[in-house]
Amino acid sequence: MEKEYYILNLNHTNSKNPCKLDNIIYKGRNTKYPFETEDDELEDIYDSIEVLAEKTPFGAYKDVITKEIIISSNSGKTPELSFNRATPASRHDIIRITKIYREMSDEDLARYTAAIERIKKNSKILYEREMQMEREELSEERAARDFLLHYFV
(Lines give C-alpha, C1' and ligand atoms only; values in the text may rest on other atoms or scores of the structure.)
Protein backbone atom coordinates (compact mmCIF):
# COMPACT_ATOMS: atom_id res chain seq x y z
CA MET A 1 0.00 0.00 0.00
CA GLU A 2 1.38 3.38 -1.02
CA LYS A 3 1.84 5.97 1.72
CA GLU A 4 -0.14 9.18 1.62
CA TYR A 5 1.73 12.44 2.26
CA TYR A 6 0.30 15.76 3.38
CA ILE A 7 1.57 19.30 3.83
CA LEU A 8 0.40 20.43 7.26
CA ASN A 9 -0.50 23.85 8.61
CA LEU A 10 0.71 23.56 12.18
CA ASN A 11 -0.96 25.43 15.01
CA HIS A 12 1.15 27.87 17.06
CA THR A 13 3.99 28.19 14.53
CA ASN A 14 4.30 32.00 14.62
CA SER A 15 5.34 31.64 11.00
CA LYS A 16 4.58 34.03 8.15
CA ASN A 17 3.25 31.10 6.14
CA PRO A 18 1.28 28.62 8.29
CA CYS A 19 2.34 25.56 6.26
CA LYS A 20 6.04 26.36 6.64
CA LEU A 21 8.59 26.60 9.42
CA ASP A 22 10.59 29.83 9.22
CA ASN A 23 14.39 30.13 9.31
CA ILE A 24 15.33 26.48 8.85
CA ILE A 25 17.53 26.11 5.76
CA TYR A 26 20.74 28.11 5.83
CA LYS A 27 21.21 30.03 2.56
CA GLY A 28 24.37 32.00 3.35
CA ARG A 29 25.32 35.45 4.53
CA ASN A 30 24.31 38.76 3.10
CA THR A 31 25.16 42.37 3.86
CA LYS A 32 22.45 44.43 5.44
CA TYR A 33 22.65 47.23 2.86
CA PRO A 34 23.10 47.02 -0.95
CA PHE A 35 25.98 49.54 -0.74
CA GLU A 36 29.01 49.61 1.53
CA THR A 37 28.66 51.49 4.77
CA GLU A 38 30.81 51.82 7.85
CA ASP A 39 28.54 49.86 10.14
CA ASP A 40 27.54 47.26 7.55
CA GLU A 41 27.24 43.82 9.05
CA LEU A 42 26.69 40.38 7.65
CA GLU A 43 23.44 38.64 8.46
CA ASP A 44 22.57 35.00 8.06
CA ILE A 45 19.88 34.21 5.52
CA TYR A 46 17.53 31.28 6.09
CA ASP A 47 14.75 29.78 4.01
CA SER A 48 11.44 28.37 5.20
CA ILE A 49 10.34 24.79 4.65
CA GLU A 50 7.05 22.91 4.54
CA VAL A 51 6.08 20.34 7.12
CA LEU A 52 5.51 17.09 5.25
CA ALA A 53 3.74 14.29 7.11
CA GLU A 54 2.71 10.79 6.21
CA LYS A 55 -0.68 9.45 7.11
CA THR A 56 -0.37 6.32 9.22
CA PRO A 57 -2.67 3.30 8.79
CA PHE A 58 -4.47 4.41 11.98
CA GLY A 59 -5.34 7.83 10.52
CA ALA A 60 -2.73 9.79 12.47
CA TYR A 61 -0.17 12.06 10.82
CA LYS A 62 3.55 11.63 11.43
CA ASP A 63 6.21 14.20 10.56
CA VAL A 64 8.64 12.57 8.13
CA ILE A 65 11.74 14.14 9.70
CA THR A 66 11.11 14.01 13.46
CA LYS A 67 8.59 11.12 13.42
CA GLU A 68 6.42 13.18 15.82
CA ILE A 69 2.71 12.40 15.78
CA ILE A 70 0.71 15.50 14.84
CA ILE A 71 -2.98 15.54 15.69
CA SER A 72 -5.81 17.39 13.98
CA SER A 73 -7.24 20.36 15.89
CA ASN A 74 -9.04 23.28 14.27
CA SER A 75 -8.89 25.36 17.45
CA GLY A 76 -5.37 24.38 18.51
CA LYS A 77 -6.63 23.84 22.06
CA THR A 78 -4.52 20.80 22.76
CA PRO A 79 -1.27 20.25 24.66
CA GLU A 80 0.04 18.22 21.73
CA LEU A 81 1.61 19.11 18.42
CA SER A 82 -1.39 19.83 16.19
CA PHE A 83 -2.42 21.08 12.77
CA ASN A 84 -5.51 22.81 11.46
CA ARG A 85 -5.28 21.82 7.79
CA ALA A 86 -3.75 18.94 5.88
CA THR A 87 -3.31 19.44 2.15
CA PRO A 88 -2.61 16.27 0.15
CA ALA A 89 0.89 16.57 -1.30
CA SER A 90 0.97 16.24 -5.06
CA ARG A 91 3.60 14.17 -6.84
CA HIS A 92 5.43 17.42 -7.63
CA ASP A 93 5.27 18.53 -3.97
CA ILE A 94 6.67 15.21 -2.73
CA ILE A 95 9.58 15.34 -5.18
CA ARG A 96 10.34 19.02 -4.48
CA ILE A 97 10.20 18.72 -0.69
CA THR A 98 12.18 15.45 -0.68
CA LYS A 99 14.96 17.14 -2.67
CA ILE A 100 15.07 19.92 -0.08
CA TYR A 101 15.06 17.42 2.80
CA ARG A 102 17.93 15.45 1.21
CA GLU A 103 20.08 18.57 0.93
CA MET A 104 19.50 19.68 4.52
CA SER A 105 22.64 19.86 6.63
CA ASP A 106 22.85 18.56 10.18
CA GLU A 107 22.43 22.14 11.40
CA ASP A 108 19.29 22.55 9.25
CA LEU A 109 17.89 19.32 10.70
CA ALA A 110 18.71 20.55 14.21
CA ARG A 111 16.90 23.85 13.53
CA TYR A 112 13.91 21.91 12.13
CA THR A 113 13.76 19.63 15.18
CA ALA A 114 14.16 22.61 17.53
CA ALA A 115 11.32 24.44 15.74
CA ILE A 116 9.03 21.42 16.15
CA GLU A 117 9.96 21.16 19.84
CA ARG A 118 9.36 24.90 20.31
CA ILE A 119 5.90 24.57 18.74
CA LYS A 120 5.12 21.59 21.00
CA LYS A 121 6.22 23.58 24.04
CA ASN A 122 4.16 26.61 22.96
CA SER A 123 1.11 24.39 22.43
CA LYS A 124 1.45 22.95 25.92
CA ILE A 125 1.96 26.38 27.53
CA LEU A 126 -1.00 27.91 25.69
CA TYR A 127 -3.20 24.91 26.53
CA GLU A 128 -2.28 25.05 30.23
CA ARG A 129 -2.89 28.81 30.28
CA GLU A 130 -6.29 28.33 28.63
CA MET A 131 -7.24 25.58 31.10
CA GLN A 132 -6.13 27.74 34.05
CA MET A 133 -8.25 30.66 32.79
CA GLU A 134 -11.21 28.31 32.37
CA ARG A 135 -10.78 26.95 35.92
CA GLU A 136 -10.59 30.51 37.28
CA GLU A 137 -13.71 31.49 35.36
CA LEU A 138 -15.59 28.45 36.69
CA SER A 139 -14.48 29.31 40.21
CA GLU A 140 -15.67 32.90 39.80
CA GLU A 141 -18.98 31.67 38.39
CA ARG A 142 -19.48 29.35 41.39
CA ALA A 143 -18.77 32.21 43.77
CA ALA A 144 -21.18 34.49 41.87
CA ARG A 145 -23.91 31.82 41.90
CA ASP A 146 -23.42 31.23 45.64
CA PHE A 147 -23.65 34.98 46.27
CA LEU A 148 -26.84 35.25 44.21
CA LEU A 149 -28.32 32.20 45.90
CA HIS A 150 -27.67 33.44 49.44
CA TYR A 151 -28.35 37.16 49.12
CA PHE A 152 -31.06 37.54 46.50
CA VAL A 153 -33.44 34.68 47.21
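Which residue forms a salt bridge with Glu141? Keep that in mind; the tour ends there. The model on your screen is predicted.

**Stop 1: the barrel**

Select strands β1, β4, β5, β6 and β7. These 5 strands make a closed barrel, in the order β1-β4-β5-β6-β7, and their pairing is mixed. On average, neighbouring strands in this sheet are turned by 50 degrees against each other, direction ignored.

Now select residues 4-10 for β1 and residues 52-55 for β4. The two strands pair in the antiparallel sense, over 4 bridges. Click on Tyr5. Opposite Tyr5 stands Glu54 in β4.

**Stop 2: helix α1**

Next, select residues 91-103, which form helix α1. This helix packs on the sheet and touches β1, β4 and β7. The direction of α1 makes about 70 degrees with that of β1.

With 13 residues at 1.5 Å a residue, α1 should span 18 Å; the end C-alpha atoms are 19 Å apart, which agrees.

Show the side chains of Asp93, Ile97 and Tyr101. They are the buried residues of α1. Look down the axis of α1: the buried residues fall within an arc of 60 degrees, so they line one face of the helix. Why can spaced-out residues share a face? An α-helix has 3.6 residues a turn, so residues three or four places apart point the same way.

What covers the buried residues of α1? The cover includes β1, β3, β4, β7 and α2. Turn to the other side of α1, where Arg91, His92, Arg102 and Glu103 are exposed.

**Stop 3: salt bridges**

Side chains of opposite charge can pair when their charged atoms come close. The whole structure holds 8 salt bridges.

Select Lys3 and Glu54. Their closest N and O atoms are 3.2 Å apart. Lys3 sits in the segment before β1 and Glu54 in strand β4, so this pair ties together parts that are 51 residues apart in sequence. Lys3 is partly exposed, at 49% relative accessibility. Glu54 is buried, at 10%.

Move on to Glu130 and Lys77, whose closest N and O atoms are 3.3 Å apart. Glu130 lies in helix α2 and Lys77 in the loop between β6 and β7, so the pair ties together parts 53 residues apart in sequence.

Last, select Arg145, the salt-bridge partner of Glu141; their closest N and O atoms are 3.0 Å apart. Both lie in helix α2, 4 residues apart, which is about one helical turn. Arg145 is exposed, at 55% relative accessibility. Glu141 is partly exposed, at 36%.

Terms used: Residues are numbered from 1 along each chain as its sequence is written. This is a predicted model: local features need pLDDT of at least 70, side-chain atom pairs count only at pLDDT 80 or more; totals for chains, interfaces and linings use all residues. Side-chain values use heavy atoms; hydrogens and water are left out. Two strands pair if DSSP finds at least two bridges between them. Axes are lines fitted to C-alpha atoms, for helices over the stretch in contact, and angles run from 0 to 180 degrees between N-to-C directions. Contact means heavy atoms within 4.5 Å. The expected span of a helix is 1.5 Å times one less than its number of residues. Buried means under 20% relative accessible area, exposed over 50%, partly exposed in between (1.4 Å probe, protein chains only). The arc is that of the directions from the helix axis to the C-beta atoms. A salt bridge is a side-chain nitrogen of Lys or Arg within 4 Å of a carboxyl oxygen of Asp or Glu.
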